[in-house]
Amino acid sequence: MDAILPLLTDPAAWAALITLIAMEVVLGIDNLIFISILSNKLPVEQRQKARRLGITLALVMRLALLSTLAWLVHLTDPVFSLGATIGALDLTFSWRDLILIAGGLFLLWKATKEIHGAVDPKASNDVLDKRAVVASNFGAVIFQIILIDMVFSVDSILTAVGMTDHLPIMVTAVVITVIVMLLAADPLANFIHNNPTVVMLALGFLLMIGMVLVADGFGVHIPKGYIYAAMAFSVGVEALNIIARNAKTKKEASADH
């Protein structure tokens, strides 16, 4: 408590908290998109439970990592090297690099599999096929959510450690971020479910995020601002498409009457 009271009256601490919350929310969007897509493959009565469980596990993992800061900082220490640097590629790897590469490859595999199912003309159990019977296994979905929670949690907490030295600020930012994710989970998942083209856009985002994670693991650091600017532009274009389709549907409906 004695360590927390000085932070309450420190403007720099409040500025760090606000900045960290904003950064954590942005990083949490990637996690939330993945959870939303996976949970929408479950029967309707299990979707909300899966989303809440997935986000709760994300909070538990983040808080667990924060409780082991002394160990966490060593995740960036080199583990092995494959030789000299080749161009922009750094062939010296830490545990953080290996986790990011594994997570990125998992996202690439999962998003590619879902896109393949979406463009397959046969009726299947993919996220875009409204004719298909939803029969995903709850345990399998939660397992995949846990895997990706682990990757995003490591990235999130290492970002927090790089922005502030105060553990109370990190914990507060993580808790507030997860609350925001909980509030946004159902509306986002329902919106994705009701707009099939948005699912394809979200899968495209996951492909891009997977590539960025793999590149980061190999030492090629792509500024996150570029990534999120591209995502925001794509969302803007898709929003215009949705507005145009809705306007056309209303016009056709009024013409029929």
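Q: How does helix 5 pass helix 8, left-handed or right-handed?
A: Left-handed. Bear in mind that this is a predicted model.

Q: What angle do helix 5 and helix 8 pack at, and how far apart are their axes?
A: The angle is about 155°, and the axes are 7 Å apart. Helix 5 covers residues 95–119.

Q: Parallel or antiparallel, then?
A: Helix 5 is roughly antiparallel to helix 8 because of that angle. Angles over 145 degrees count that way.

Q: How many nonpolar, polar and charged residues make the contact of helix 5 with helix 8?
A: The contact has 16 nonpolar residues, five polar and four charged.

Q: OK, on to helix 2. At what angle do the axes of helix 2 and helix 8 cross?
A: Roughly 130°. The two axes come within 10 Å. Helix 2 is residues 11–39, and helix 8 is residues 196–217.

Q: Which residues in helix 2 and helix 8 meet?
A: From helix 2, Asp 30, Ile 33, Phe 34 and Ile 37. They meet Ala 202, Leu 203, Phe 205, Leu 206 and Ile 209 in helix 8.

Q: How do the residues of that contact divide?
A: Helix 2 with helix 8 gives eight nonpolar, no polar and one charged.

Q: What about helix 2 and helix 3, at what angle do they cross?
A: Roughly 150°, with the axes coming within 9 Å. Helix 3 runs over residues 44–66. The angle is why helix 2 counts as roughly antiparallel to helix 3.

Q: Right-handed or left-handed there?
A: Helix 2 passes helix 3 in a right-handed crossing.

Q: Which residues make the contact of helix 2 and helix 3?
A: Helix 2 brings Asn 31, Leu 32, Ile 35 and Ser 39. Helix 3 brings Arg 47, Ala 50, Arg 51, Gly 54, Ile 55, Ala 58 and Arg 62. In that contact of helix 2 with helix 3, five residues are nonpolar, three polar and three charged.

Q: Switching to pockets. What volume does the largest pocket have?
A: About 320 Å³.

Q: Which residues lie nearest the centre of the largest pocket?
A: Ile 33, Leu 188, Leu 201, Phe 205 and Val 235, out of 16 lining residues. Ile 33 and Phe 205 also take part in the contact of helix 2 with helix 8.

Q: Which elements give two or more residues to the lining of the largest pocket?
A: Helix 2, helix 7 (167–194), helix 8 and helix 9 (224–256). Helix 9 gives the largest share, seven residues.

Q: How many nonpolar, polar and charged residues line the largest pocket?
A: The lining has 15 nonpolar residues, no polar and one charged.

Q: How many cavities of 30 Å³ or more turn up in the whole structure?
A: Two. The largest cavity holds about 90 Å³ of space.

Q: What lines the largest cavity?
A: Leu 27, Asp 30, Phe 152, Asp 155, Ile 209, Val 212, Leu 213, Lys 224, Ile 227 and Tyr 228. Helix 2, helix 6 (138–163), helix 8 and helix 9 each supply at least two of the residues.

Q: How do the residues of the largest cavity's lining divide?
A: Seven are nonpolar, none polar and three charged. Asp 30 and Ile 209 in that lining also belong to the contact of helix 2 with helix 8.

Key: Residues numbered from 1 in each chain as written. Predicted model: local features only at pLDDT ≥ 70, side-chain atom pairs only at ≥ 80, totals over all residues. Heavy atoms only, no water. Axes fitted to C-alpha atoms, helices over the stretch in contact; angles between N-to-C directions. Helix = DSSP H or I, 4+ residues; strand = E, 2+ residues; numbered from the N terminus. Contact = heavy atoms within 4.5 Å. Nonpolar A, V, L, I, M, F, W, Y, C, P; charged D, E, K, R; others polar. 1 Å grid on protein atoms, 1.4 Å probe; cavity = no way out; pocket = protein on both sides within 12 Å on 5 of 7 lines; lining within 4 Å. Points joined across faces, edges and corners; volume = space filled by probe spheres on them. Parallel < 35°, antiparallel > 145°, perpendicular 65-115°, else oblique. Left-handed = near helix turned anticlockwise from the far one by under 90°.
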